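Biologist: Please put the model up, and then I will ask about its fold, its confidence and its ligand site.

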Amino acid sequence: MDTERKVAAEKEIREWCVALPKVELHAHLNGSVRNSTLLSVLSTIPHLSPLISVVIVLSGLLVLDFPAELAKQLGDRGVIVFEDVKDVIMKADGRSLPECFKLFDLFHMLTTDHDTVTRIAKEVVEDFAAENVVYLEIRTTPKKNAAKGMTKRSYVDAVIRGLKAVESVDVLFDSNLTTSEPLSCTPMTELDNDTRKKKIYVRLLLSIDRRETTSAALDTVNLAMEMKDQGVIGIDLSGNPVVGEWETYLPALQHAKELGIPITIHCGEVPNRKEIQAVLDFCPQRLGHVCCLNDDEWKQLKSLKIPIEICLTSNVMTGGAPSLELHHFADLYNARHPLSLCTDDSGLFSTSLSNEYYLVAATFGLSKSELFQLAQDAVHFVFADDDVKSSLRRMLKIAEKRLMP
Ligand code: 6MZ
């Protein structure tokens, strides 16, 4: 194929991936923040404006040159060694997992107040809806911050305020709220003459951070239970995989299981035989990543058929997979293992769900009908109820006529 035709073909499949109605099951709220929002939050820090000239965005990634003054201003918001994070932020092509967690500490310092959390939640939904995500499970770690009058509950309330503030699209949020009319599956970009507003289902998962104590993890599970009629439908275990012990979270995860709350767990982002085995034995409803499994663990995973949230870009950038070509997606896909494509941290890794679908087509040669099937399969694995699943299936059926002529 000559270059021109190649470019045109790539453009066509990229656009098709955007038009495809998609289900996102693994997206961290603070990992999905827009760079422009981080920049504008920085600019609200008093006396900082002259220093903003040193803040630039390079290849979609935030690059900061931390002056001593900025370190001093941010110092009030938490403790971080700026010389440490500076090098991490400057890396554009990939960061190790520990480096990503240094960045999250910085993000949290900038974003953890009620108004900013509300703004981020609103924007994240707008961004996913704009690329035709029709069902979004967004996960976030409820945070306490006594200095800001923030409790775990008020943090989640602030997130919910953000979801309710979205105007560009109808957000179907409360757990029991479904729509009987078929969802519009017209891409946002083609909505000019469409009087029907676009709709997106959004549900929340509350994350337990691996740094938390057993009692803090239990608080999060109890909060999820308390807020189950307000769109909170699951629990996630995430955070720096080299921190903490499985035994610390087990009582909370067990409690969630007893309460009937669906659970998803970050598994095998680093090799940790004992924990991977314990997670497989626990058998949650879904698993994220599963990068570093040995042969026996693969065998067990495949026989258990636990659905996997696949995060291609994230895994390659953090070194969990050696390359796109050698990513374990291929093995799982060929084994017909249940899986769904996800972004993980679209802001941090400069990706989108449409791009993840495109990468699968470009790297593994999946056809449009195979990509469509992946989007359809993802509906099986959502934590929302059967009415939502039926609504999504109806909508995909309508989209099929347009996308698969
Ligand atoms: C494990 C991750 C993660 O909760 O503040 N998080 N945990 N592995 C990953 N792979 C790269 N990416 C994000 O969003 C940010 C938090 O999500 C978890 C980390 O705990 C991070 O602090 P929230 O909204």
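What follows is a set of questions and answers on this model.

Modeller: This is a predicted model, in which local features need pLDDT of at least 70, side-chain atom pairs count only at pLDDT 80 or more, and totals for chains, interfaces and linings use all residues. Residues are numbered from 1 along each chain as its sequence is written.

Biologist: What is the average pLDDT of the chain, and which stretches are below 50?

Modeller: pLDDT is the predictor's confidence in each residue, from 0 to 100. The chain averages 86, and 81% of the residues score at least 70. Where pLDDT is low, the predicted coordinates should not be read in detail. The pLDDT is below 50 over residues 47–73 and over residues 176–193.

Biologist: How many helices and strands does the chain have?

Modeller: Helices (H or I, at least four residues) and strands (E, at least two) are DSSP runs, numbered from the N terminus. On that basis the secondary structure comes to 16 helices and 11 strands.

Biologist: Which residues of the largest nonpolar core touch the most other members?

Modeller: A residue is buried if 20 or more other C-beta atoms lie within 10 Å of its own, with C-beta atoms placed from the backbone. A nonpolar core joins buried Ala, Val, Leu, Ile, Met, Phe, Trp, Tyr and Cys residues through C-beta atoms within 7 Å. The largest one has 91 residues, and those touching the most other members are Val23, Val125, Leu136, Val159, Ile200 and Ile235.

Biologist: Why does the length of H8 agree with its residue count?

Modeller: The expected span of a helix is 1.5 Å times one less than its number of residues. Helix H8 (residues 214–226) has 13 residues, so it should span 18 Å, and its end C-alpha atoms are 18 Å apart.

Biologist: Which residues of H8 are buried, and what covers them?

Modeller: The cover is judged by contacts, meaning C-beta atoms, placed from the backbone, within 7 Å. The buried residues are Ala217, Asp219, Thr220, Val221 and Ala224. What covers them includes helix H7 (152–164), E6, strand E7 (232–238) and helix H9 (246–259).

Biologist: Which residues are closest to the ligand?

Modeller: A residue is near a molecule if its C-beta atom, placed from the backbone, lies within 6 Å of it. In this model 18 residues surround the ligand, and the closest are Leu29, Asn30, Thr140, Thr141 and Ser238.

Definitions and conventions
Buried ≥ 20, exposed ≤ 12 C-beta atoms within 10 Å, placed from the backbone. Contact = placed C-beta atoms within 7 Å.
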